[in-house]
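Here is a short report on salt bridges and chain contacts. The sequence and structure come first.

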Amino acid sequence: MVEAVLCVVRRDLLLAWRRRSDIATALLFFIIVASLFPLGIGFEPNLLRAIAPGVIWVAALLSSMLSLSRLFAADHADGTLEQMLLGASPLGVIAAAKAAAHWIVSGLPLALIAPLIALQYDLPAALTPVLALSLLLGTPVLSLIGAIGAALTLGVRGGGILLSLLVLPLYVPVLILGAGSVEMASAGMGGDGQLLLLAALLVASCAFAPWAIASALRISME
Amino acid sequence: MLEASGLQCARQGRTLFRSLTFSVAAGERLRIAGANGSGKTSLLRILCGLLAPNEGEVRWKGAPIGTLKEEYTKEIVYLGHAPAVKDDLTPAENLEISCKLAGLTVKADAGLARLGVPADVPVRKLSQGQRRRAALARLAVSESVPLWLLDEPYAALDTQAAATVDALIAAHAARGGAVIFTTHQETGAGASRVLELHG
Amino acid sequence: MNWFWYASPQTFDPLAGRMAPWFALAAALLAAAGLYVGFFVAPTDAQQGEVYRIIFIHVPAAWLSMFIYLVMAFWAALGLAFNTRLSGMMASALAPTGALFTFIALWTGSLWGRPTWGTYWVWDARLTSELVLLFLYLGFIALQAAIDDPRRADRAGALLAIVGAVNIPIIHYSVVWWNTLHQGASVSVTRGASMQSQMLIAMLLMALGFWMYSIAVTLVRVRCIMREREA
């Protein structure tokens with residue numbers, strides 16, 4: 001079973017690497033969206049500092065969602081998804097591996113690059129680790145929940161937009177806790193509580209989402 | 001080995017077949033024939049458990065496949081319409097990955113050589129026929145898997161590759177495996193039995 | 001008694017046809033009584049004056065909007081577990097009514113907010129939760145509308161409804177926490193403390209009326225869905 005997980009993760013990373021321009025596009029999208037806000041509302045430093053956590057988190061949400069529609073679509077089109085359904089290991093395990101690979105490709109880079117964006121927004125240096133940590137804990141939840149939506153909308157008319165309609169409302173708690181942890185820390189109250197809650201969300205979605213993704217895939221593949 | 005009883009399948013509000021009952025024993029080669037849209041692919045998908053029949057059930061060695069789950073999928077090879085190879089990987093990588101997912105450890109190169117597919121060129125650069133061969137190479141390394149379910153294995157193959165597939169199927173049946181396959185043309189493997197679907 | 005006997009659309013259809021008018025009648029009577037008590041019997045509020053009377057529509061609508069989502073998820077879970085066709089139809093039939101009540105709750109909340117808070121929209125925890133709930137309903141309806149195969153539409157919708165129902169408490173509590181973080185309005189739409197018994201009676205009557213209305217409309221809609229699919 002561990003072998004199957006490693007096999008799927010390695011496969012998806014290899015595929016992503018051979019199409020690395022796609023990863024770069026999602027990352028660039030994140031940076032551009034985050035850079036647009038100062039252009040839209042001005043560069044008053046206090047204002048920027050106040051909105052930074054929210055803006056960075058919303059940009060992360062959108063960027064992680066953009067790559068979701070590709071998560072199963074290509075495997076569906078070329079038939080490899082059917083082979084995964086007929087594999088020797090439970091589908092939930094495969095689903096978790098797919099979500100993990102999606103996170104490594106689309107979530108992890110966001111957490112790594114967010115400190116740079118934080119500089120643009122003049123976020124105090126003490127808050128940067130909190131921001132990065134909140135993204136590290138929160139983006140896997142986005143990948144796991146998003147994969148449910150991606151599996152449900154597989155091969156459906158207007159799948160991409162529909163996917164965002166399904167998934168974004170479910171992202172609300174992650175957004176609130178993620179951005180909130182940074183705001184709490186900046187108010188001097190410490191964001192630990194929110195980070196712990198994010199971690200709890202991560203654990204809960206690791207436990208339940210793979211099952212839901214697997215059922216969604218079975219439903220969509222009939 | 002495999003028994004289907006009272007299968008009924010409706011797609012898009014149209015009944016494709018009903019009360020379909022048959023069984024497949026070791027060493028049998030069952031060809032499913034029928035016109036386009038008569039439900040050949042749906043039947044194969046039901047037999048491998050991807051599709052739930054509206055009525056009836058499929059049993060593997062006496063147990064319904066719905067309860068066996070991975071215990072059953074370990075015992076089958078299903079090659080569907082789509083070749084199930086990734087364009088960005090080489091045939092060797094494709095074969096190794098699909099076998100690992102199926103729980104087999106194999107020598108990919110031998111299988112690919114049997115079908116005459118180059119091992120280390122990205123699939124993107126191969127022709128349609130070579131892609132099919134890269135997919136069918138899975139059969140050359142699946143001797144130990146008892147049941148093969150093949151959807152149109154001869155499509156887009158030249159006579160030489162078709163003969164190789166024939167030989168693979170015949171050898172599998174000879175060693176006690178079972179093969180269920182669909183074709184719409186009369187050519188192709190000597191089937192020990194034909195099941196005709198009337199739309 | 002075999003409950004699954006009624007799970008088949010053929011046997012449920014005539015039953016639904018016979019029951020729907022009675023629920024509609026009950027809805028009309030209860031709503032009329034609730035409106036009478038709410039507008040003529042219940043006293044004028046000391047602080048808010050007459051405008052508070054909108055809660056007799058707002059609060060029951062908000063209750064029903066959440067309750068219907070749970071009922072929908074319940075039918076969805078039944079449908080996935082027992083593979084009964086009727087369950088999926090019930091879930092699809094409930095969704096528009098749920099979305100309607102969510103919308104009414106938002107609309108009346110905003111109408112109430114204008115004279116009370118001086119603005120049509122306040123990022124109040126309840127209103128924000130209702131807004132997210134509306135998005136969840138619309139997502140469910142959009143997903144079902146986008147899938148042509150009714151069986152897949154039912155099952156996909158069912159899974160989404162269950163995932164949504166699991167998430168609703170998490171969403172609600174995170175929104176409540178977010179609201180306190182940003183020190184939102186301290187006045188809440190329902191203030192249990194100053195509630196008088198006539199007000200409570202009016203609200204309960206309205207809630208029961210809305211409930212009966214939901215059942216009546218859902219039964220009618222489920223019969224429509226059955227006819228659509230048979231054709």
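The report below covers the model, its salt bridges and one interface.

## Model and conventions

This is a predicted model, in which local features need pLDDT of at least 70 and side-chain atom pairs count only at pLDDT 80 or more, while totals for chains, interfaces and linings use all residues. Residues are numbered from 1 along each chain as its sequence is written, chains are lettered from A and ligands numbered from 1 in the order in which they are written, and side-chain values use heavy atoms, with hydrogens and water left out.

The whole structure holds 23 salt bridges over all chains. The term means a side-chain nitrogen of Lys or Arg within 4 Å of a carboxyl oxygen of Asp or Glu. One of them pairs A:Arg18 with B:Glu93, at 2.9 Å from N to O. A:Arg18 lies in helix H1 (residues 2-18) of chain A and B:Glu93 in helix H4 (residues 91-101) of chain B, so this pair joins two chains. Helices (H or I, at least four residues) and strands (E, at least two) are DSSP runs, numbered from the N terminus. A:Arg18 is partly exposed, at 35% relative accessibility. Buried means under 20% relative accessible area, exposed over 50%, and partly exposed in between (1.4 Å probe, protein chains only).

B:Arg45 bridges to A:Glu82, with the closest N and O atoms 2.2 Å apart. B:Arg45 sits in helix H1 (residues 40-48) of chain B and A:Glu82 in helix H5 (residues 80-85) of chain A, so this pair also joins two chains. B:Arg45 is buried at 11%. A:Glu82 is buried at 12%. A network of salt bridges with shared partners joins A:Arg11, A:Asp12, A:Asp75, A:Asp78, A:Lys98 and B:Lys86. Within it, B:Lys86 and A:Asp75 are both buried.

## The interface of chains C and A

Chain C gives 30 residues to the contact and chain A gives 26; contact means heavy atoms within 4.5 Å. Together they bury about 2,400 Å², 75% of it on carbon and sulfur atoms. Buried area is the accessible area (1.4 Å probe) that two parts lose on being put together, summed over both. C:Arg152, C:Leu159 and C:Trp177 supply 26% of the area that chain C buries against chain A, more than any other three residues.

Two salt bridges link chain C and chain A. C:Asp148 and A:Arg157 meet in a salt bridge at 2.6 Å, N to O. On the chain C side, helix H4 (125-146) and helix H5 (150-181) each give two or more residues. H5(C) provides the largest share, 16 residues.
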